[in-house]
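Subject: Structure for you to look at

Hello,

Here is the structure I said I would pass on. Please open it beside this email and follow along; my notes come after it.

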Amino acid sequence: MKKKILQIICIALCLYTVITCLGACGMLNSDDKESESVTNGGNGDVVDDDDEVETDENGYVVDSIDRTLNGRKIIILMDTSSQSDIMPDEATSGKNVIQDKAYLRRLALETELGCTFEIQTAPGEYDNMNDFIVVAEKAGYNNVDIICSFSLVPSMLQQKGLLSNLKNLQYPELDKPWWPESVKQWEHDGALYYIANNSSNRVVRAQEVVFANVGMIRDLGLEALDQKVIDYQWTIDLMIQYAKYVNTDTSLPESERVYGLVSDQFGRMDQFYYGSGLSMMSRNADGEIVLNVFDESAKSKTTSLVSKLGDIASTPSFFIDNNNKLKIMKANRTMFMAGYMNMIFELEDGSTYMPLPTPMYDTDQERYYTTPHNSYDVWSVPHTASNKEDSALVIEAIASSDYREMAPFFYEDKLKMRYSESALGVEIFDLIRTSTNIDFGRITASSMGIMEGAFRQCFYSGGTVYNNVYESQLKEHETAYPTNLALILMTFSKYKNQ
């Protein structure tokens, strides 16, 4: 224990700037005014003293973990690209403050839980999913306690019967604020095999958002959007209304044009589907998971959404930037960019782009839905784990720490300056984070197929930027999707006692 404490002190002394940032987040000084701003600005995420739940000194809900692991070594199999963001083996002495924070968090968790972590890695992003699965299949041989993988991998592991049913364990506690409501939609027949939280470094960076060019909006004499977002007035129609104020001069070369709305790739248009409250899957009156995409009302709403977006997508003021990526943003040439949070790292400090949640379908929707792209961490317990309760407890502890420490730190270090003109910045960030929504059809895409494809084709089909072909594209999957879902649900039931 003394060795651990000395290690933490040494790291802390070497990372003065990191500790300063921690103080700004209110993690070291509960009286700090910045802390009050951050912790009291959430979307129902931070709890007042009168609420009947236990909170920490900053007002964040705490977990119910009340035991330690008695010196156990916890072995986590993790895809290689995730380790530095989640559980790094070393600090960078200030070169990467997010990694340094993650390292300090690792040391603190080891101390609090009375365990040590050993990280085993394997390539596991999209192009290496099958390679990761080969390694995961040897989890029992390698004494793996926890698997942390690229989001599309767990569905394939579950189909092979390699995962434990988390519903048989004490943790996770799904009603805690670090678990998105949508995770409950991943359950079937009393079984839940994998889980993702709403506050991890990977999830926050993967969140698909709309970047608003604050400077361009101001220069055009338009009303600022921050208060509209907070008041739940930020809709598809409002975004398009603003975007159409931009005059796109088609006589200029494409490299010089200014746009109203740009998407960094045609797949990023998915966020508008989910952001409108649409879903690939839903539950029927009996609580069973069913396909929602073929429901007539869902098809009608989706077709209407495509038409809404077509009001800008059918004009020169819309552009899908598959090749240039951030060049348009860096050159300040679009009012709105449909992108993802990690793009923040590539923008200069003087950039006037501010991340906003995906706009709602209309003001009747009442809440935002934020969907991450596929590169984020999803956690599971192999059925060969020696103590599944311990494994699930660690997953809960990491998620709790992400919520109370990692997400606030990310805002303070990476996002606060983006909202420098708005005192509502932390509230907007919390709206993005706490509205995390991952559809069961999306998390099972490796088994179901890419169900967003029919929607995407409306904005990039045969070289045509906009064409409302949603229903005809969807019709091609009328047999495959129900068959694939039936197979998935069959294995949920088959392995639920593991």
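**Confidence first**

Where pLDDT is low, the predicted coordinates should not be read in detail. Averaged over the chain, the pLDDT is 88, and 88% of the residues score at least 70.

This is a predicted model, in which local features need pLDDT of at least 70 and side-chain atom pairs count only at pLDDT 80 or more, while totals for chains, interfaces and linings use all residues. Residues are numbered from 1 along each chain as its sequence is written, and side-chain values use heavy atoms, with hydrogens and water left out.

**The chain as a whole**

There are 21 helices and eleven strands in the chain. Both are DSSP runs numbered from the N terminus: helices are H or I with at least four residues, strands are E with at least two. Of the 498 residues, 56% are buried, where buried means under 20% relative accessible area, exposed over 50%, and partly exposed in between (1.4 Å probe, protein chains only). Among contacts with a separation of 6 or more, 77% are between residues 24 or more positions apart.

Two strands pair if DSSP finds at least two bridges between them.

Strand β1 (residues 72–79) runs parallel to β2 over eight bridges, and arginine 72 stands opposite cysteine 115 in β2. Strand β3 (residues 146–150) pairs with β11 in the antiparallel sense over four bridges; there, serine 149 has valine 378 as its bridge partner. Which way do the residues of β11 point? Asp377 and Trp379 point one way, Val378 and Ser380 the other, and all are buried.

**The five-stranded sheet**

A further open sheet has five strands in the order β8-β5-β9-β4-β10, and its pairing is mixed. Its edge strands are β8 (318–320) and β10 (353–356), each pairing on one side only. Strand β5 (residues 259–263) and strand β9 (residues 334–340) pair in the parallel sense over four bridges, with tyrosine 259 partnered by threonine 334 in β9.

A nonpolar core is a set of buried Ala, Val, Leu, Ile, Met, Phe, Trp, Tyr and Cys residues joined through side-chain atoms within 4.5 Å. The largest one has 153 residues, and those with the most contacts inside it are Ile76, Phe117, Trp234, Met239, Phe336, Trp379 and Phe440. Helix α15 (residues 388–415) gives the largest share of this core, 13 residues.

Leaving aside residues up to four places away in sequence, isoleucine 76 touches Met87, Phe117, Glu118, Ile119, Gln120, Ile146, Cys148 and Trp379.

Helix α16 (residues 425–434) is mostly covered, with eight of its ten residues buried. Among them are Gly425, Val426, Phe429 and Arg433.

Regards

Technical notes
Contact = heavy atoms within 4.5 Å. pLDDT = per-residue confidence, 0-100.
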